[in-house]
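Subject: Structure handover

Hi,

Here is the structure I promised to pass on. My notes follow below it.

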Amino acid sequence: MSPIPSPRTVRLGMDFGTTNTVVVLLDEQGRPHSARFSFPHHAVSETCRTLLCLWQEEERVGRPVIHEAIGAAAIDAYLEDPAESRLVMSMKSYLAQASFRQTRLLGQVMTLEMLIARFLSCLMRTIGIDPAHVEVTVGRPVHFAGELADDALGEQRLREGFRLAGFGEINVALEPEAAGWHFAQRLRAPATVLVGDFGGGTSDFSILRFDPAKPRQAEPLGYAGVGIAGDQFDYRIIDRVIAPALGRNSTYRVMGGQPLPVPAQWYASLGRWHRLALMRTPQTLRDIADVARTASEPEKLHALMDIIDNQQGQALYRAVGEAKRELSSADRTMLDYTYRDVKIRREITRAEFEGWIAPDLQRFDDAVGTALERASLPASAIDRVFLTGGTSFVPAVRDLFDRRFGHERVDTGNEFVSVAEGLALMNR
């Protein structure tokens, strides 16, 4: 009897992101190929939205079972029955937050690692791969998101999420270094490269020395990172356009006293898409209703309640994201959001938008300066600059690097898959 061959170990790189997740597989010749994600009624894509929808169904035996969907299918499942399902977003943003350990969903206590494991398990089923036979290299930012981020805790919980999902071998590498490995395939001579990796929640800047002739191609020289990226730019639009239309600048009175400003914390949560769902509690909705009774613009507060209570955050953020993307190629755009009686229509110019994000651009520029200082190098010593991630499409971001390093030294390419491809190449 012939022995049964053991399954081939699959080597892959995974960019588990705040907004999107990308998987790149190595074939038997060590060449990278992006996994394709196919969901009903959606176009095939190289990226999968990092979204997890959970819902409960009664099985024949009478015990409830929790089911899940991810990516575009998670949005569809959530919209089909928003009252009975839970949409989990921005899981990566909580990894390094010691204050968030677990939550209660659909009557069960779940840790963050358990939620990530459910997402990863479903992700691997979607592309038809058993994680038990996978050697994965997963990326992590230089600094995780959050003001009090514990980077060691973030990596520990990231590894645990993959372990719970059943992955055979788990390696962790810095995301900007992985993007550098991707870019290094273009090099024919030694070069000092600055990599700007813009994610959904973090942005990292790394200076690496690459020598194509050496087996270990990358020598890290200096790193810096900030806990802001694409989501922060969305927040700026929400803060300037959406929040005022929902009553942020309104006042209210207590027992006929002097006008007081509407509580600011509601609009801080509105601007962070992973916090908005947490506002859908009876107490928060009662508080808003109480304030609306004596508010100067009660209709705007009622609109805010409608969006929260009917879980319209996803559609709202989609409209904001579309406006942001259009401003990457146009001088102006129209942000248009409508839900029942809520109508928000406002033209935004690129000049306005760039003014709103100016503080964030300054933080990016400061971080680049810190990376250069830690590498003990002047800007003139950088041979090439490689920018990756969706935020690198924003013209003001590109201009920042053009001014410091010169247009001819700045490159972009494969903005959404370069980190995962680099992670896979590091796994050869």
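Predicted model: local features only at pLDDT ≥ 70, side-chain atom pairs only at ≥ 80, totals over all residues.

E57 lies in strand β5. E57 is partly exposed, with a relative accessible area of 38%. Its side chain is joined to that of W55 by a polar contact of 3.0 Å. Leaving aside neighbours within four places in sequence, E57 is in contact with R63, P64, V65 and H67. I also checked a pair further along the chain. E57 and R157 are 100 residues apart in sequence, and their C-alpha atoms are separated by 29 Å.

**The sheet around β5**

β5 covers residues 51-58 and pairs with β6 in the antiparallel sense, over seven bridges.

**The five-stranded sheet**

Another open sheet has five strands, ordered β14-β13-β12-β19-β20, and its pairing is mixed. The edges are β14 (218-226) and β20 (410-412). Each of these has a single partner strand, so one side of each lacks a neighbour in the sheet. The twist here averages 20 degrees from one strand to the next. Strands β12 (residues 191-198) and β19 (residues 384-388) run parallel and are joined by five bridges. D197 stands opposite T388 in β19. Helix α12 (residues 358-375) lies across β12, β13 (203-210) and β14. It runs at about 145 degrees to β14.

**E175**

Is E175 buried or exposed? E175 is buried, with a relative accessible area of 4%. The cut-off for buried is under 20%. E175 is found in helix α4 (residues 175-184). Its side chain makes a polar contact of 2.6 Å with the side chain of K92. Not counting residues up to four places away in sequence, E175 touches D15, F16, K92, G139, R140, P141, D197, D204 and V419. D197 came up above, as the residue opposite T388.

**The β8-β9 hairpin**

β8 (residues 102-105) and β9 (residues 108-111) pair in the antiparallel sense, over four bridges. R104 stands opposite V109 in β9. The two strands form a hairpin with two residues between them. In the turn, L106 has a positive phi of about 55 degrees. Q102 lies in β8. Beyond residues up to four places away in sequence, Q102 touches V109, M110 and T111. Q102 and L51 are 51 residues apart along the chain, with their C-alpha atoms separated by 17 Å.

**Helix α8**

Which residues of helix α8 (residues 282-292) are buried? They are T284, L285, I288, V291 and A292. Seen down the axis of α8, these buried residues fall within an arc of 125 degrees, so they line one face of the helix. The background is simple. An α-helix has 3.6 residues a turn, so residues three or four places apart point the same way. What covers the buried residues of α8 includes β15 (251-252), α6 (265-270) and α9 (298-309).

**Confidence**

Where is confidence lowest, and where is it highest? It is lowest in helix α7 (residues 273-276), at a mean pLDDT of 64. It is highest in helix α11 (residues 350-356), at 97. The protein averages a pLDDT of 88, and 95% of the residues score at least 70. Over residues 1-6 the pLDDT is below 50. That stretch has zero contacts in the model beyond near neighbours in sequence.

Best wishes

Terms used. Residues numbered from 1 in each chain as written. Heavy atoms only, no water. Buried < 20%, exposed > 50% of the residue type's maximum accessible area, 1.4 Å probe, protein only. Arc of directions from axis to C-beta. Contact = heavy atoms within 4.5 Å. Pairing = 2+ DSSP bridges. Polar contact = N/O pair within 3.5 Å; in protein donor to acceptor, adjacent residues only side chain to side chain. pLDDT = per-residue confidence, 0-100. Axes fitted to C-alpha atoms, helices over the stretch in contact; angles between N-to-C directions.
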